[in-house]
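These are my notebook entries on one protein chain, kept in the order in which I looked things up.

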Amino acid sequence: MARAFLFVLDSFGVGGAPDAAAYGDEGADTLGHIAEFCAAGAGDRAGLRDGPLSLPNLSELGLMQIARSASGRFPAGMPIPEKVYGIYGAATEISRGKDTPSGHWEIAGTPVSFDWGYFPTEGDAFPEELIEALCRDAGVSGILGNCHASGTEIIARLGEEHIRTGKPICYTSSDSVFQVAAHEVHFGLDRLLAFCQVARGLLDRYNIGRVIARPFIGHSSSTFQRTGNRRDFSVLPPEPTLLDRLIEHGRHVHAVGKIGDIFAHQGISRLIKANGNEALMDATLATIDEAEDGDLVFTNFVDFDMVYGHRRDVPGYAAALEAFDARLAEVHKKLKPGDLVVLTADHGCDPTWRGTDHTRERVPVIAYGPGIRSRSIGVRRSYADIGESIARHLGIPAGPHGRSFL
C-alpha cells in the first residue's frame with residue numbers, strides 16, 4: 001500500500017471564487033495580492049524579507065499555473081518555471097461559508113450544505129439568555145467583550161480589566177464562532193477550557209461551528225500575548241469524512257496541529273500537537289518517518305491565517321510562505337515509492353483586504369510524489385475531489401462527494 005501526506009496551508013487562497021461577491025470578497029486574492037505588494041516593495045520589512053515573492057519549490061510544482069487558472073493571471077514579479085513537476089490545479093468551494101470547519105470537512109470529502117449560525121455585527125453580539133445561562137452554568141459573574149473583534153486587539157483593550165474582575169473576554173467574528181480569551185495564570189487554563197466546554201453545549205442550539213479557547217499571558221496591555229494552548233471545540237461533521245472512512249478500513253490518521261480539534265477528534269488515530277509553522281513542520285517530518293503503509297498524515301499550518309492573514313501582515317505572510325517553501329525540500333527527501341503529498345488550503349485570508357476576516361477564494365491543489373506524472377487537473381468543482389483522490393491513492397472505496405483526479 002501507499003502513504004499520503006495532506007498539508008493545509010491555512011488561508012492560502014488563489015482568488016477567483018465565482019461566488020466571492022456574495023461574501024463581499026469579489027477581487028480578493030491572497031497569493032496574487034501578496035505577490036503584487038512584494039513586487040512593488042510593499043512586502044519589505046527590515047530584518048525579515050525584501051523583494052519579489054520567491055517560492056521556487058511551489059512554483060516548480062505548478063503554483064504559477066494554478067494562479068492563472070484560478071484568477072486569470074500570473075502573480076506579479078514571480079518567475080514562471082520552464083518545467084512543472086507536480087499535478088496542479090485549483091478547487092472551488094461548494095460549502096456554505098468561508099470558515100475553517102467547512103473548508104477542512106470539504107477537503108476531507110464532506111461538503112457543508114447547511115447554513116451556519118452567526119452573531120449580529122451591530123450592538124451586543126450574544127443573546128442575553130445565552131450569557132445568563134453561560135454565566136450561571138460556568139460559575140462566573142459576567143463576561144467582557146460581547147462584540148465582534150480582533151483577538152489581539154480585544155486582549156490588549158480588555159485584558160487588564162479581565163485580570164481585575166475575573167470575567168472572561170467573549171467575542172466573535174464574521175465566522176460561525178464564539179471565542180473566549182482568558183489569562184492562563186489569573187483565570188487558569190483548565191478553567192478556561194471548562195468554560196468553553198459549557199459554552200459548546202449551550203451554542204449547539206444556535207448552530208455555531210466552533211468555540212475557541214484563546215489563552216494569553218503577560219502583565220499589562222503592552223505585554224499580553226497569546227500562547228500555544230489554543231483549543232477549538234467544534235461540532236461533529238454532518239456525515240463520515242475521509243478520516244472516518246480510513247479508520248473504518250484499518251488505516252491510521254495522524255493529525256498534526258489543530259486537525260484533531262477541527263474534526264471534533266473523530267476519525268483520528270493519533271494527535272501530534274505543535275505551535276507555529278516551524279514546529280508544525282518539524283512534527284510533520286518526524287511523523288512522516290513513523291507513518292506506515294496505508295497511513296494519512298494530515299497537518300494544518302495555522303500561522304498563515306492566525307498570525308499573518310487576520311492581522312493583515314503582508315511582509316509576515318510573504319516571509320512565512322518563503323520559509324515553508326524552503327522546507328519542502330526536507331519533505332521531498334523523506335518520500336518513498338508510492339507516497340503522495342497533497343498541498344492545499346481551506347479558504348483565503350487576503351492580507352490586503354478590508355477588515356480582518358477570511359476571504360472567499362479558490363484554493364491551490366498540488367499533488368506530487370515518486371512516480372507521479374506531472375499534469376494539469378484544471379479547476380475542480382469541489383474541494384471534495386482532494387479527499388476522494390487520497391481515498392483512491394490509499395485504496396479505500398470512493399465516497400458520495402467529489403471525484404478523484406488520480
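**Entry 1: between the domains**

How many residue pairs are in polar contact between domain 1 and domain 2? I keep in mind that this is a predicted model, and I find 4 such residue pairs, with both residues at pLDDT 80 or more. On the side of domain 1 that touches domain 2, I sorted the residues into 2 nonpolar, 4 polar and 6 charged.

I then looked up where the two domains run, and the domain assignment gives residues 1–112 together with 237–392 as domain 1, and residues 126–232 as domain 2. Their C-alpha centres lie 29 Å apart, and 12 residues of domain 1 are in contact with 11 residues of domain 2. The area buried between domain 1 and domain 2 comes to about 1000 Å², and carbon and sulfur atoms give 46% of that area.

**Entry 2: a salt bridge across the boundary**

How many salt bridges are counted between domain 1 and domain 2? The count is 1. In looking at charged pairs I also noted that Arg-231 forms a salt bridge with Asp-261, where the closest N and O atoms are 3.2 Å apart.

I compared how the two partners sit: Arg-231 is partly exposed, with a relative accessible area of 27%, whereas Asp-261 counts as buried at 2% relative accessibility.

**Entry 3: other charged pairs**

I moved on to the whole structure, which holds 22 salt bridges.

Are Arg-230 and Asp-232 buried or exposed? Both of them are buried.

I also looked up Arg-380 and Asp-385, whose side chains meet in a salt bridge with an N to O distance of 2.8 Å. Arg-380 counts as buried because its relative accessibility is 16%, and Asp-385 is buried too, with a relative accessible area of 4%. Elsewhere I found a network, in which salt bridges that share partners join Glu-278, Asp-282, Arg-327 and Glu-330. As a reminder to myself, side chains of opposite charge can pair when their charged atoms come close.

**Entry 4: Glu-388**

Where is Glu-388 placed? I found Glu-388 in helix H13, which covers residues 384–393, and at 3% relative accessibility Glu-388 counts as buried. The side chain of Glu-388 makes a polar contact with the side chain of Arg-245, at 3.0 Å. Leaving out residues up to four places away in sequence, I listed what Glu-388 touches, and among these residues are Gly-109, Arg-245, Ala-398, His-401 and Arg-403.

**Entry 5: helix H5**

Which residues of helix H5 are buried? In this helix, which spans residues 128–138, I noted Leu-130, Ile-131, Ala-133, Leu-134 and Cys-135 as buried. I remembered that an α-helix has 3.6 residues a turn, so residues three or four places apart point the same way. The buried residues of H5 pack against strand E5 (177–183) and helix H7 (184–203). Just after H5, I came to Gly-139, which takes a positive phi of about 70°.

What is the phi of Ser-11? It is near 85°, a positive value in a residue other than glycine. Ser-11 lies in the loop between strand E1 (4–9) and helix H1 (30–39), and Ser-11 counts as buried because its relative accessibility is 0%.

The second residue is His-265, which has a positive phi of about 60° although His-265 is not a glycine. I found His-265 in the loop between helix H9 (259–262) and strand E10 (270–272).

Methods:
Residues numbered from 1 in each chain as written. Heavy atoms only, no water. Buried < 20%, exposed > 50% of the residue type's maximum accessible area, 1.4 Å probe, protein only. Helix = DSSP H or I, 4+ residues; strand = E, 2+ residues; numbered from the N terminus. Contact = heavy atoms within 4.5 Å. Domains from an automatic or database assignment. Buried area = accessible area lost by both parts, 1.4 Å probe. Salt bridge = Lys/Arg side-chain N within 4 Å of Asp/Glu carboxyl O. Polar contact = N/O pair within 3.5 Å; in protein donor to acceptor, adjacent residues only side chain to side chain. Nonpolar A, V, L, I, M, F, W, Y, C, P; charged D, E, K, R; others polar.
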